[in-house]
Amino acid sequence: PASWTVGTALPRGEDGLYHAEDYDHIVDSPVLMGRLSFAEVDVRGTDVELYTYSKTDKVKSEQILESVRDILFASDAFLGKLPVDRYAFLFHFEDMSMGAWEHSYSSAYVYAEDGFEQAIAESIPSVVAHEFFHIVTPLNIHSEIIEDFNFAEPVASEHLWLYEGTTEWASDMLQLRAELIDLENYLNRLSTKLNIDDRFDPSYSLSKLSLTSYTSEGQRQYGNIYQRGAVVAGLLDIRLLELSGASKGLREVLIDLSNRYGPDRPFDEESFFDTFAELTHPEITDFFESYVRNANPLPIADYYKKVGLRYDLQRATGATEASAGLEINVQEGK
């Protein structure tokens, strides 16, 4: 229908058609069409577009843009310059919330209309920070397994820690550095990730989680890539800063890797850990061996002490809360 709007990262030709280079390109470019609202912002030369479908027209793209505008500029500041010229956010508000999916030049979000005000104020900014950062990993930093993905018989990459764990760390860190959240909030998020990590199998390394992610067993552990994966990325950041005399942390290494590889040059799946160490410090090989390839206890206290933070481990004892030994009951309405 002529009244419909089309939202997609696919380029539109002069013939009015949307063009894709190949199958990978088309499946990597979701399309949202219908009665949509639209908003856009220029982030230092990157055209960011927002398209929103709302079942009863309660939610408008401009509302979402206002809630994520600071995230977009914080992402640009964190990276020095966004590595894409154009990006599209596709929002669908209807009956239920189902989460978000990243793509190379766009991301799609499904939320319930009911309670959308709370979602826009609380959850959507951080989810957008995560999904938007995928313009770095895996768009600009990925192995040949991702470059030539086998959609018929998927092959798992060992580097899910990089694609998802590092992305989740960055989504919080860029907000901290831009002062969109304070240090207490950041540390509370870290604490929550550690608590959730405790609920998963402690013998499951990030490498094992990655390589079994397409199996039923691996799926039961998959959610921990956003928890332990992000915590390990934070530890890696501290270790890199320590070894470089505070001059080069994980952010700087990601920028270097993005410049070295880019969208069209994958890294070697098997040798990436060695390549990372060659570009940074030989000691990083031991870090990967201990906390990515293996599931050794994480050195939270030792590492955060390096940056002036004391970590005290607290666990629930199972005991009831203290009381004075008195209870109040209602009998016969009194």
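Which element provides the largest share of the lining of the largest pocket?

**Figure 1. The largest pocket of the predicted model and the residues closest to its centre.** The space in this pocket amounts to about 1,800 Å³. Its lining is made up of 50 residues, of which Asp28, Glu102, His103, Ser104 and Pro138 lie closest to the centre.

**Figure 2. Elements that line the largest pocket.** Two or more lining residues come from each of the helices H1 (23-27), H3 (116-132), H4 (144-147) and H5 (160-177), and likewise from the strands S6 (99-102) and S7 (106-112). The largest share belongs to H5, which supplies six residues.

**Figure 3. Residue classes in the lining of the largest pocket.**

**Figure 4. Elements and residue classes in the lining of the second largest pocket.** Helix H6 (183-197) and helix H13 (300-305) are the elements that each contribute two or more residues to this lining. H6 gives the most, with six residues. By class, the lining residues comprise 13 nonpolar, four polar and six charged.

How values were computed:
Residues are numbered from 1 along each chain as its sequence is written. This is a predicted model: local features need pLDDT of at least 70, side-chain atom pairs count only at pLDDT 80 or more; totals for chains, interfaces and linings use all residues. Side-chain values use heavy atoms; hydrogens and water are left out. On a 1 Å grid over the protein atoms alone, a cavity is a set of points where a 1.4 Å probe fits but cannot get out, and a pocket is an open set with protein on both sides within 12 Å along at least five of seven lines; lining residues have an atom within 4 Å of a point. Grid points are joined across faces, edges and corners, and a volume is the space filled by probe spheres set on the points. Helices (H or I, at least four residues) and strands (E, at least two) are DSSP runs, numbered from the N terminus. Ala, Val, Leu, Ile, Met, Phe, Trp, Tyr, Cys and Pro count as nonpolar, Asp, Glu, Lys and Arg as charged, and the others, Gly among them, as polar.
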